[in-house]
Amino acid sequence: MVERKGIAQYLSSFFDPCFELGDDGIPEFKMFIGGQWVRSSGGTQVVDSPHDGSVVARVQNGTLDDVEKAMQWVSGEGKKIRDIPAIDRILIFQKARDLLKEHKEEIARALVLEGGKTIRSARGEVDATAQRLMLTMEEARKIYGEYIPGDWAEDTVGKMGLAIREPEGVVAAISPFNYPLYIASAKVIPALLSGNSVVAKPASDTPVSLLLFARVLQEAGIPAGSLNVLTGPGGKLGDAIVSDERVNMVTFTGSTEVGIHVNNVMGLKKRHLELGGKGIAIVLKDADLDLAARKIVEGNLSNAGQRCDAIATVLVEKEVAGQLIAKIIDNEKKWTLGNPMDTGTDMGPLINEGAAKRVESLVQDAVQKGAKLVLGGHRNGCYFEPTVLIDVPLDARIVNEETFGPVLVVITVKDVNEALEIAKKPKYGLDSCVFTNNFYSMWRVAKSLDVGEVTINDNPKHGVGYFPFGGKKLSGLGREGIGYSIDEMTHLKTIVFSLEPAGLGKRRVFQG
């Protein structure tokens with residue numbers, strides 16, 4: 001018998017249907033099409049660990065023929081999910097939640113191996129996905145319709161209307177590498193719950209966790225073809241999926257550059273795009289500096305800064321700048337960098353060496369332009385140290401580009417007016433925050449920032465999406481969250497009844 005290696009060593013027999021062991025013990029995962037686990041004629045591609053570069057899995061290198069097969073299912077038999085009573089869909093998700101919790105540790109370790117996130121963060125991601133499954137009953141309330149009496153307008157007297165929500169039809173879900181289980185599930189769950197069929201494609205760096213989630217949903221009882229998961233090269237497969245005329249809606253999370261490309265190739269269809277971010281923390285002189293420093297560092301270093309809602313820039317009033325910087329440095333030094341499978345590790349590697357080199361280039365550019373490096377700044381393979389830059393000039397790339405790494409830029413400002421002026425400059429508008437104990441200051445900042453979400457006295461974090469979130473400017477279109485995702489994945493249909501044949505309509509007494 002071949003010894004299980006890579007991700008396979010942590011998986012129980014529950015997941016056996018979705019992969020086969022290679023001669024070297026590395027699992028070769030199949031795609032999920034039409035309710036079956038299938039191979040592709042395109043061969044396989046490797047999934048390696050950013051921690052040590054070892055091969056942890058192989059996945060199918062999907063082809064355009066595979067896309068066509070998935071499209072036939074998702075636009076045909078897969079649409080039968082709409083015929084399942086909503087209460088039964090909820091029961092499917094409740095069973096899926098139980099299965100996910102049962103296999104939590106297996107999936108968490110897969111997340112660590114394929115993406116390099118810490119085991120604590122991976123467990124938290126599985127827990128968040130389970131919670132999203134638990135909240136489907138609350139999400140389902142958004143599918144309710146509305147009764148509209150017609151006698152409030154002159155031309156609709158004698159009529160009544162129903163505005164009902166119906167599924168878009170076929171939803172294409174393209175998910176990123178940084179939260180490959182949760183973000184993918186946050187697209188798939190509301191899409192299926194509202195009666196859509198789904199074709200999903202995970203990021204090439206982290207494809208396994210979505211395949212494992214598909215196995216959970218399969219065992220929970222989703223109809224064959226209602227969910228199809230394709231793996232392979234992003235450009236070729238992604239373009240084919242989102243541009244297919246059988247797709248009615250595209251939900252995409254990823255970089256702004258790729259999001260703009262997706263927007264251009266998808267054609268005329270509904271879209272939800274959650275793109276890049278440049279989280280800014282404004283710290284005013286009356287803030288609790290201990291709280292601000294701790295929350296800023298947490299918001300900067302969590303998941304190695306690979307979050308669209310990460311804090312990248314701090315704008316602090318000059319009276320307290322020195323104190324805050326010292327507290328930030330003290331907090332960042334407490335974060336341990338190391339093997340993500342160790343429970344004592346706070347931060348693991350970036351997703352790949354290319355990503356780490358890009359962060360390194362941003363730091364070097366800032367230093368060359370006059371910034372002072374007061375902590376970190378070094379790269380080792382995919383690992384990048386927690387880093388703090390001060391006195392950063394506004395023309396440095398790192399001030400204006402998305403960092404997506406564990407680097408914090410601190411800029412001293414004379415007052416809140418200058419802070420707001422600088423905060424307006426980035427092309428992104430996803431999340432920002434303010435630290436102050438003055439109600440009027442926090443209200444002013446919250447109203448002035450051109451972003452989708454402002455957090456007061458904490459770092460931004462989307463969590464399970466209980467509060468709606470989404471971008472402004474080049475951070476995207478649409479909103480996600482419990483119930484709000486349902487709004488995006490359904491459309492209103494208005495049905496108007498004339499009550500005249502039954503003599504039930506109200507009659508005009510006064511003629512205008």
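Visitor: Why is Asn457 called partly exposed?

Guide: Its relative accessible area is 21%. Buried means under 20%, exposed means over 50%, and partly exposed is what lies in between, all with a 1.4 Å probe and protein chains only. At 21%, Asn457 therefore counts as partly exposed.

Visitor: What kind of model is this?

Guide: It is a predicted model, in which local features need pLDDT of at least 70 and side-chain atom pairs count only at pLDDT 80 or more, while totals for chains, interfaces and linings use all residues. Residues are numbered from 1 along each chain as its sequence is written, and side-chain values use heavy atoms, with hydrogens and water left out.

Visitor: Where is Asn457, and what is its phi?

Guide: Asn457 sits in the loop between strand E23 (453–456) and strand E24 (472–473). Helices (H or I, at least four residues) and strands (E, at least two) are DSSP runs, numbered from the N terminus. Phi of Asn457 is near 55 degrees, a positive value in a residue other than glycine. Phe404, in the loop between helix H13 (397–400) and E20, also is not a glycine and has a positive phi of about 55 degrees.

Visitor: Is Val445 buried or exposed?

Guide: Val445 has 0% relative accessibility, so it counts as buried. This residue lies in helix H15 (residues 439–448). Leaving aside neighbours within four places in sequence, Val445 is in contact (heavy atoms within 4.5 Å) with Ile282, Val416, Leu420 and Val434.

Visitor: What class does Lys79 fall in?

Guide: Lys79 is at 40% relative accessibility and therefore counts as partly exposed. Its place is the loop between helix H1 (64–74) and helix H2 (86–102). Not counting residues up to four places away in sequence, Lys79 touches Trp73, Val74, Val170 and Ser197.

Visitor: What makes H7 largely enclosed?

Guide: Of its 13 residues, 11 are buried, so H7 is largely enclosed by the rest of the structure. Among the buried residues are Phe213, Arg215 and Ala220.

Visitor: Which residues have the most contacts inside the largest nonpolar core?

Guide: A nonpolar core is a set of buried Ala, Val, Leu, Ile, Met, Phe, Trp, Tyr and Cys residues joined through side-chain atoms within 4.5 Å. The largest has 61 residues, and those with the most contacts inside it are Ile7, Phe15, Phe29, Leu212, Leu217 and Leu227. Helix H7 (residues 208–220) gives the most to this core, with 9 residues. A second, separate core of 58 residues includes Ala281, Leu284, Ala396 and Ile411.

Visitor: What makes a space a cavity?

Guide: On a 1 Å grid over the protein atoms alone, a cavity is a set of points where a 1.4 Å probe fits but cannot get out; lining residues have an atom within 4 Å of a point. Points are joined across faces, edges and corners, and a volume is the space filled by probe spheres set on them. The structure holds 4 cavities of 30 Å³ or more.

Technical notes:
1 Å grid on protein atoms, 1.4 Å probe; cavity = no way out; pocket = protein on both sides within 12 Å on 5 of 7 lines; lining within 4 Å.
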